[in-house]
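Visitor: I have a structure open and have not looked at it before. Can you walk me through it?

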Amino acid sequence: MSATAILTPQENVSRSRKVQARGRERRIALRLDVAADRRRIFDALTVPEYIETWLSFPCTHVDCRTIASQANDHYRLDHYAADRLDFSITGAYHVCRRGKLFFTWRKAQASGDQEAAHEGMVLIRLHGAFAKSTLCLAHTGFFSEREYRWHRELWNRSLTKLQALFCTR
């Protein structure tokens, strides 16, 4: 798996100071090969029960779990630590022919602190067929350096776990 980080220049200088104070627009880009056809990978990416299997949030909690749910074109990921809601990620998604998923991403702390909420966009493309496919992920958003590192670790850990689910060794 390869990863790159790109800082995108801010094109619209009239953005609110509130957004600028939270961080700069950053991009996480990952690419990996998965030993499965696109349909199986697509199902793993979109079915809540499967998402709970491979999604791996960076945390130090010993007793934590994630519950995924969806309704129509919206999804919700609730992360619990010691049986208390720690944070939620919500958004809406659009699918194009099982090869392209585009979704909004909003992470909010359970405390309800809107200043701590982070928004972004995620694009996942699946290339290939039959026994091997390539997954390309791009996640962009206005992240602080700390949140950027957290999201980069989230995607590295999660996609490595997803890849391992289909490993035939």
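The chat below goes over the fold, the core and the space inside.

Guide: Keep in mind that this is a predicted model.

Visitor: How many helices and strands does the protein chain have?

Guide: The protein chain has four helices and eight strands. Along the sequence the pattern runs β-α-β-α-α-β-β-β-β-β-β-α.

Visitor: And what share of the residues counts as buried?

Guide: Of the 169 residues in the protein chain, 39% are buried. Among contacts with a separation of 6 or more, 51% are between residues 24 or more positions apart.

Visitor: Which residues touch the most other members in the largest nonpolar core?

Guide: That core has 35 residues, and those with the most contacts to other members are Leu-45, Leu-77, Trp-105, Ile-124, Leu-135 and Trp-155. Helix 4, residues 145-165, contributes most to this core, with six residues.

Visitor: Take Leu-135. What is it in contact with, beyond its neighbours in sequence?

Guide: Leaving out neighbours within four places, the contacts of Leu-135 include Leu-30, Leu-32, Ile-41, Leu-45, Leu-159 and Leu-162. Ile-124, Arg-125 and Leu-126 are also among the contacts of Leu-135.

Visitor: Where is Leu-126?

Guide: Leu-126 is in strand 7, which covers residues 118-129.

Visitor: Buried or exposed?

Guide: Leu-126 has a relative accessible area of 2%, under the 20% cut-off, so Leu-126 counts as buried. Not counting residues up to four places away in sequence, Leu-126 touches Arg-38, Ile-41, Phe-42, Leu-45, Arg-98, Gly-99, Thr-134 and Leu-135.

Visitor: What is the lining made of, by residue type?

Guide: The lining has 14 nonpolar residues, three polar and one charged.

Visitor: Last one: how many disulfides are in the whole structure?

Guide: The search finds zero.

Visitor: What about Cys-96 and Cys-136, buried or partly exposed?

Guide: Cys-96 is partly exposed, at 36% relative accessibility. Cys-136 is buried, at 17%.

Definitions and conventions. Residues are numbered from 1 along each chain as its sequence is written. This is a predicted model: local features need pLDDT of at least 70, side-chain atom pairs count only at pLDDT 80 or more; totals for chains, interfaces and linings use all residues. Side-chain values use heavy atoms; hydrogens and water are left out. Ala, Val, Leu, Ile, Met, Phe, Trp, Tyr, Cys and Pro count as nonpolar, Asp, Glu, Lys and Arg as charged, and the others, Gly among them, as polar. A disulfide is a pair of cysteine sulfur atoms within 2.5 Å. Buried means under 20% relative accessible area, exposed over 50%, partly exposed in between (1.4 Å probe, protein chains only). A nonpolar core is a set of buried Ala, Val, Leu, Ile, Met, Phe, Trp, Tyr and Cys residues joined through side-chain atoms within 4.5 Å. Helices (H or I, at least four residues) and strands (E, at least two) are DSSP runs, numbered from the N terminus. Contact means heavy atoms within 4.5 Å.
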